Amino acid sequence: MHPRMLRLLKEPLLHFTVIGALIFLFYSRGPLGTGSEAPEVILISLGKTEQLKTGFSRAWQRPPTDAELGGLIQDYIREEVYVREAKAYGLGEDDVIIRRRLHQKLEFMSQDIARLAEPSEADLNTLLTAEPARFRAESRLSFEHIYLNPEVHGEKISVVVDTVKASLQEVGVEQPESENSRMLGDPFLLANRFDRIASSEITKQWGPSFLLALEELPLNQWQGPIESPFGTHMVRVSEKIEGHAPDLAEVRAEVRSEWLERQRRQANEDFYKSLRSRYTVKVEAEL
């Protein structure tokens, strides 16, 4: 090779020029060497414009001005450019949050399809008949109580109970939630009277043993003492409604909600199976 050519090849300036040209060529071809085709078109359709308007109106309770809409469109274009470039570089492939969000969005698509269906009377009756225990109307109780705080009375609680019993017999309290009965007890965090409260709620708030005690009490008579996690109570039950298998008219909303939820889950499962069938899965075993 000619000596002058050898000197030229050793020039640092030539090296920087060549490297710069290669870098420019790489990025001009698009991310990850996507080719020399023209940049992708970002279409702002009428539907997308309406979607941006709707989102703004929901947030601000008014439609956007022309300037605000222009800003929304420019923000969307910026976001779309970054999203497309990130996808081209594969930046979201191993991102757990992105993967879960894409999973959810596909499920939402199948759920939207499921929502198009509305159950018939026969559908609802079939579900109610098949699972009566699920929709059974539970028992309910109405009662009032006089609360005696063990932290206030301590070892004298039994004496206080006898005093309250004597006062109830002497006054002859007949009306529910009367001033006389409330004045006999201590302040209570919850109410002093409960109307048609579900048995499950009584168990949740007062414990199962308290519910069992209430169910055995006669109507319209002060009884006690009955213990609960809160302390000691004198109780009068005024109404008992037994649990029963309801007619569809009583629980239509609950049955319909359950039917739709099952349709949603089934739609998700069917949609997944249809997608899963397109793939062959290979799991590498450890050596």
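An open sheet of 4 strands, paired antiparallel, has the order 2-1-4-3. Its edge strands are strand 2 (193-198) and strand 3 (222-228), each of which pairs on one side only. From one strand to the next, the twist averages 40°. Strands are DSSP runs of E with at least two residues, helices are runs of H or I with at least four residues, and both are numbered from the N terminus. Two strands are taken to pair if DSSP finds at least two bridges between them. Axes are lines fitted to C-alpha atoms, for helices over the stretch in contact, and angles between N-to-C directions run from 0 to 180 degrees.

The model is predicted: local features need pLDDT of at least 70, side-chain atom pairs count only at pLDDT 80 or more, and totals for chains, interfaces and linings use all residues. Residues are numbered from 1 along each chain as its sequence is written, and side-chain values use heavy atoms, with hydrogens and water left out.

## Strand pairing

Strand 1 (residues 140-148) pairs with strand 2 in the antiparallel sense over 4 bridges; here Phe143 has Phe194 of strand 2 as its bridge partner. Strand 1 and strand 4 also run antiparallel and are joined by 9 bridges. In that pairing, Val235 of strand 4 is the bridge partner of His145.

Strand 3 and strand 4 pair in the antiparallel sense over 5 bridges, and a hairpin connects the two through 2 residues. Ile226 has His233 of strand 4 as its bridge partner, while Glu227 stands opposite Thr232 in strand 4.

Helix 10 (residues 199-206) lies across strand 1, strand 2, strand 3 and strand 4 (231-241), and runs at about 120° to strand 2. Helix 11 (residues 208-216) also packs on the sheet, where it touches strand 1, strand 3 and strand 4. The direction of helix 11 makes about 55° with that of strand 4. Contact here means heavy atoms within 4.5 Å.

The whole structure contains 10 aromatic pairs. In one of them, Tyr147 and Phe188 are tilted, at 4.8 Å centre to centre and 55° between the planes. This pair links distant parts of the chain: Tyr147 belongs to strand 1, and Phe188 to the loop between helix 9 (179-183) and strand 2, 41 residues apart. Rings of Phe, Tyr and Trp (its six-membered ring) pair if their centres lie within 6.5 Å; planes under 30 degrees apart count as stacked, over 60 as edge-to-face and the rest as tilted.

Tyr147 and Phe188 are both buried. Buried means under 20% relative accessible area, exposed over 50%, and partly exposed in between (1.4 Å probe, protein chains only).

## Backbone features

The peptide bond from Gly224 to Pro225 is cis, with omega near 10°; Pro225 is found in strand 3. Positive phi values occur in two residues other than glycine: Gln61, at about 60°, and Arg196, near 50°. Gln61 is found in the loop between helix 3 and helix 4 (66-88) and counts as exposed because its relative accessibility is 67%. Arg196 lies in strand 2 and counts as partly exposed because its relative accessibility is 48%.

Thr49 has its place in helix 3 (residues 46-60). It counts as buried because its relative accessibility is 13%. Leaving aside residues up to four places away in sequence, Thr49 touches Ile44 and Leu69.

Helix 12 (residues 248-276) has a kink of about 40° centred on Glu254. The bend at a residue is the angle between axes fitted to the seven residues ending there and the seven starting there. Buried residues in helix 12 include Val251, Val255 and Trp259.

## The chain as a whole

The secondary structure of the protein chain comes to 12 helices and 4 strands. Of its 287 residues, 25% count as buried. Among contacts with a separation of 6 or more, 67% are between residues 24 or more positions apart.

The protein chain exposes about 21,200 Å², of which carbon and sulfur atoms supply 57%. Accessible areas come from the Shrake-Rupley method with a 1.4 Å probe, and for residues only the protein chains shown count as cover.
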